[in-house]
Amino acid sequence: MIAGIVLLISILISGSSQLISQPNGRDMEKERLIEQELGDIDPSLVGTFREATAAFDREDFLRAESLYAEVYKGAPTFDPAIRRLGSVRVRLGKTEEGIALCEQAVRINRSAANMFTLALCLAFPGIEKTPSPQDLDRALAYAIEGHTRPDGDDVYFPLMIAQIALERNVEDDFRQATEELVRRFPDRMATHYYAAILAALDEHWVRAEDEILVAEEMGLPHDQVQSFLDSGVHSSATPWRYASASLWLVGAWVLGLLLLYVFGKLLSNITIRSISSADPNIPMSPGERNLRRIYRMLINSAGLYYYVSLPVVVVIVIAIAVGIFYIFLIIGRLPVKLLLIVGAGAVVTIYKMIQSLFIKIRYEDPGRALQREEAPGLWNLTQEVADALGTRQIDEIRIVPTAEVAVYERGTGREKMRDAARRVLLLGVATLNGFREDGFRAVLAHEYGHFTHRDTAGGDVALRVQGDMNKFFYSLYLAGQATRWNVAVHFLRLYHFIFLRISHGA
């Protein structure tokens with residue numbers, strides 16, 4: 001797999017040697033031990049060796065070469081001086097001589113430091129010099145062996161292995177080295193650099209993009225980061241990010257629907273128990289008043305949630321249409337007619353959803369108004385009951401040809417909240433025959449109780465939502481989209497069920 005995607009990341013390889021270069025500061029404890037070893041051979045060379053190392057660290061390679069050569073001449077078996085002299089000569093362009101010295105140091109002592117230096121010189125032989133595949137293979141072998149030595153457990157070995165394995169398309173070694181970097185050295189810029197490449201190889205595009213951006217924050221040059229992203233990583237990660245965000249959105253939305261249903265059912269049961277246990281001969285208790293207030297808030301919340309749900313339904317409709325297209329794209333066969341039908345259905349569904357919100361329906365009061373002169377006794381009765389309850393009288397009576405008695409308020413939301421809206425009594429003529437006056441007074445007092453308890457002050461949201469759901473479904477029906485295959489229809493069925501459970505449950 002690594003061979004198939006190497007072009008995507010080859011732009012990064014040429015400038016990556018700095019990721020595995022030696023540390024800026026030396027381990028002075030290790031230096032003390034090295035100088036102590038040289039002192040056992042020839043104490044007079046310790047100062048020269050120390051000065052050579054200082055010149056090496058400040059990149060004065062000509063001075064370092066001269067001094068290391070002097071130490072090498074005086075102590076020809078002292079491998080630290082040999083490997084450093086070899087490294088200096090490689091940097092000065094004397095690649096063959098430098099590698100030969102590094103190989104000599106390894107023959108004297110197969111230490112981790114000697115193997116790392118030899119691997120580094122083989123893999124990065126100098127400016128404008130390209131290592132051969134054979135040299136890269138040798139470098140990888142030395143790096144792996146050096147990493148197994150007791151003093152080969154620092155970060156530079158997995159960095160070296162990862163880089164060379166990447167260039168040689170050795171996926172197993174690259175993967176193991178990168179996973180070790182992630183596990184042991186998560187705070188290194190190079191760790192996130194190689195982790196980004198590994199994620200790209202595994203086609204985990206979002207992770208690849210995230211890792212390379214972290215590497216940039218930690219010092220990776222922007223041009224390398226941008227080249228990596230432009231190679232296809234960003235364009236591949238973007239759809240996955242949208243898909244992930246959509247899944248979270250839909251999941252949160254479904255959870256909201258579930259909570260609405262659960263709370264609606266719970267409040268419905270509590271209301272029924274409250275009605276069963278309440279004494280009808282005493283005023284409404286504070287608990288009952290709070291229950292009504294909470295129930296009203298839930299109904300309004302459920303109504304508003306319908307409008308919150310519409311963008312989610314749009315996302316689902318688009319996702320299904322795109323998903324169908326993507327599936328056929330993967331299969332390698334594009335049924336044009338089917339895709340056109342799916343696309344047209346999605347467009348029409350979304351259009352009708354938006355359109356339903358702006359269709360104005362003129363609502364008319366039911367029945368006809370009953371004037372005072374037509375039934376003065378009835379109007380006087382409503383006045384007497386209102387006076388007995390200490391509330392204001394009904395403003396309008398409307399006769400309807402049904403068996404119902406109900407009340408509602410007509411006016412603005414502000415007027416309803418201030419109890420200044422017009423009070424309307426619906427009186428079904430089918431209830432009047434045989435209805436005794438005292439019984440009618442009791443029912444009328446009950447209806448006045450709705451006004452007093454402000455039960456009629458709300459309901460606008462619920463009525464509007466019910467109307468908008470009806471308009472949406474009717475629009476889909478007229479457009480020929482009210483089918484079992486349309487997710488919007490199933491949404492309407494589900495939400496209508498939940499909304500009825502909440503608004504009419506008790």
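## Aromatic pairs, a central strand and a surface patch

Tyr-495 and Phe-499 both belong to helix 20 (residues 487–504), where they sit four residues apart, about one turn of the helix. The model described here is predicted.

**Aromatic pairs**

The ring centres of Tyr-495 and Phe-499 are 6.4 Å apart and their planes meet at 20°, so the pair counts as stacked. Tyr-495 has a relative accessibility of 1% and therefore counts as buried. Phe-499 is likewise buried, with a relative accessible area of 2%; the cut-off for this class is under 20%. Both residues also take part in a cluster linked by ring pairs, made up of Trp-253, Tyr-306, Tyr-307, Phe-491, Tyr-495 and Phe-499.

The count of aromatic pairs comes to 16. Among them is the pair of Phe-56 and Phe-61, which is edge-to-face, with 5.9 Å from centre to centre and 75° between the planes. Phe-56 is buried, as is Phe-61. Planes under 30 degrees apart count as stacked and those over 60 as edge-to-face, which is why the two pairs in the table fall into separate classes.

| Aromatic pair | Centre distance | Angle between planes | Class |
|---|---|---|---|
| Tyr-495 and Phe-499 | 6.4 Å | 20° | stacked |
| Phe-56 and Phe-61 | 5.9 Å | 75° | edge-to-face |

**Strand 4 and its partners**

Strand 4 (residues 422–428) is mostly covered, with six of its seven residues buried. Strand 4 pairs with strand 2 (residues 396–400) in the parallel sense, over five bridges. Within that part of the structure, Leu-425 of strand 4 is the bridge partner of Ile-397. Strand 4 also pairs with strand 3 (residues 405–410), here in the antiparallel sense and over six bridges. Leu-426 in strand 4 stands opposite Ala-406. In a regular strand, side chains alternate between the two faces of the sheet.

**A nonpolar patch on the surface**

Seen from the surface, a nonpolar patch is formed by Leu-255, Leu-258, Leu-259, Val-262, Phe-263, Leu-266 and Ile-270. Together these residues have about 600 Å² of accessible area. One of them, Val-262, lies in helix 13 (residues 222–277). The relative accessible area of Val-262 is 43%, so this residue is partly exposed. A patch residue needs over 30% relative accessible area, and the 43% of Val-262 is given above.

Definitions and conventions
Residues numbered from 1 in each chain as written. Predicted model: local features only at pLDDT ≥ 70, side-chain atom pairs only at ≥ 80, totals over all residues. Heavy atoms only, no water. Patch = residues over 30% accessible without salt bridge, like charges linked within 9 Å, V, L, I, M, F, W, Y side chains within 5 Å. Areas by Shrake-Rupley, 256 points an atom, 1.4 Å probe, with all protein chains shown as cover. Salt bridge = Lys/Arg side-chain N within 4 Å of Asp/Glu carboxyl O. Helix = DSSP H or I, 4+ residues; strand = E, 2+ residues; numbered from the N terminus. Buried < 20%, exposed > 50% of the residue type's maximum accessible area, 1.4 Å probe, protein only. Pairing = 2+ DSSP bridges. Phe/Tyr/Trp six-rings, centres within 6.5 Å; stacked < 30°, edge-to-face > 60°.
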